[in-house]
Amino acid sequence: MSETNPPVTPDDLPVKAAYQAPESPLPKSGESATGPADSRIPALVEHNDGLPQHFRRVVSFHPRGGRLNPVQRRAWDAHAAEWDVSVEPADLGSIEPFDATAVFGREAPLVLEIGSGMGESTAAMAANRPDVNLLAVEVYKPGVAQTFHHLEKAGVENVRVMRGDAVEILTALIPEKSLSEVWLFFPDPWPKARHLKRRLVNPEFVELVASRLKKGGIFRLGTDWEHYAEQMLAVCSSSPSLKNVHTGWAPRPDFRPKTRFERRGITAGREIFDLEFVKRKSAAPE
Ligand SMILES: C[S@@+](CC[C@H](N)C(=O)[O-])C[C@H]1O[C@@H](n2cnc3c(N)ncnc32)[C@H](O)[C@@H]1O
């Protein structure tokens, strides 16, 4: 997200520096994948997961602080006990897999939204899809708290929010073949050539998503960055586990309002690209 940063506090995210990737057009010719050294990008953009520096994973999110504004603090205090289903990173390897029926208190198709941001569109989508249990994943604590605020305003009960890195959560907590849909709407675009490696959508990530989808489950993606859209299309089309529901781009999902970042892209004159892939019925046996 490219919001103004709140002051950095050390308590929430496992990163320490505030850095926003400035928006700029993609790859200037002659710019290498790693690019020239940029003193504004400390090594702390890497995920500090306790491993030695050379083992640290490149992550898809911007390091930011976790301080809540008064609206977020109130929403957090009012709803975290019920709606926050986060797991401490240190417990990820040892905790039981996510039990959606127990957490939501009902049987319903489970949908995972990755990178729900401030949650405005999450709340609207949950209201438009009362048939599903929606698990929203977001790394940014103020975003989670703001989501509670929007859920309360919308009066929806079918959302729970998990704070953390979606890659770790999918890997450690979400059982295989358990998801009916995965939504990835307007992920951080990382438009600069030297940041392309931070994009979430790559072959490993797509196979991870596919492994958590049920057969016939749907992976929906949307972006306003054409270069990233082409990458999403190429990577998902190459997956042996997924099949494009459409020829090329998909129509926009009718349940999605214009998200915060979608509006921003439209205002900047960018086109919106949607994709819809289905988990193949002929994928490896259940
Ligand atoms: C550009 S915002 C889009 C928010 C929202 N989907 C929308 O359209 O308004 C992308 C969000 O994804 C979150 N994010 C990035 N990488 C993530 C990851 N690996 N796991 C969970 N959230 C992530 C960021 O913190 C940010 O809030």
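Student: How many residues does the chain have, and what share of them count as buried?
Tutor: The chain has 286 residues, and 38% of them count as buried, a residue being buried if 20 or more other C-beta atoms, placed from the backbone, lie within 10 Å of its own. This is a predicted model, where local features need pLDDT of at least 70 and side-chain atom pairs count only at pLDDT 80 or more, while totals for chains, interfaces and linings use all residues. Residues are numbered from 1 along each chain as its sequence is written.

Student: OK, and which residues have the most contacts inside the largest nonpolar core?
Tutor: Those are L112, V137, V182 and F219, in a core of 58 residues; such a core is a set of buried Ala, Val, Leu, Ile, Met, Phe, Trp, Tyr and Cys residues joined through C-beta atoms within 7 Å. Strand β4 (residues 179–185) gives the most to this core, with 5 residues, where strands are DSSP runs of E with at least two residues and helices are runs of H or I with at least four, numbered from the N terminus.

Student: Let's stay with L112: why does L112 count as buried?
Tutor: L112 counts as buried because it has 28 C-beta neighbours inside 10 Å. L112 lies in strand β1 (residues 110–114), and, leaving out residues up to four places away in sequence, L112 touches L135, V137, I174, L179 and V182, contact meaning C-beta atoms, placed from the backbone, within 7 Å.

Student: And what does V137 touch?
Tutor: Apart from neighbours within four places in sequence, V137 is in contact with L112, E113, I114, S116, M162, G164, A166 and I169.

Student: Switching to the ligand, which residues come nearest?
Tutor: G115, G117, A166, F186 and T259 come nearest among the 25 residues around the ligand, where a residue counts as near if its C-beta atom, placed from the backbone, lies within 6 Å of the molecule. Helix α8 gives the most to this shell, with 3 residues.

Student: Last topic, how do α3 and α4 pack?
Tutor: Helix α3 (residues 120–128) and helix α4 (residues 141–154) pack at an angle of about 35° with their axes 8 Å apart, the axes being lines fitted to C-alpha atoms over the stretch in contact and the angles running from 0 to 180 degrees between N-to-C directions. The contact is made by E120, T122, A123, A124 and A127 of α3 together with T147, H150, L151 and A154 of α4.

Key:
A residue is buried if 20 or more other C-beta atoms lie within 10 Å of its own, exposed if 12 or fewer, and partly exposed in between; C-beta atoms are placed from the backbone. Two residues are in contact if their C-beta atoms, placed from the backbone, lie within 7 Å.
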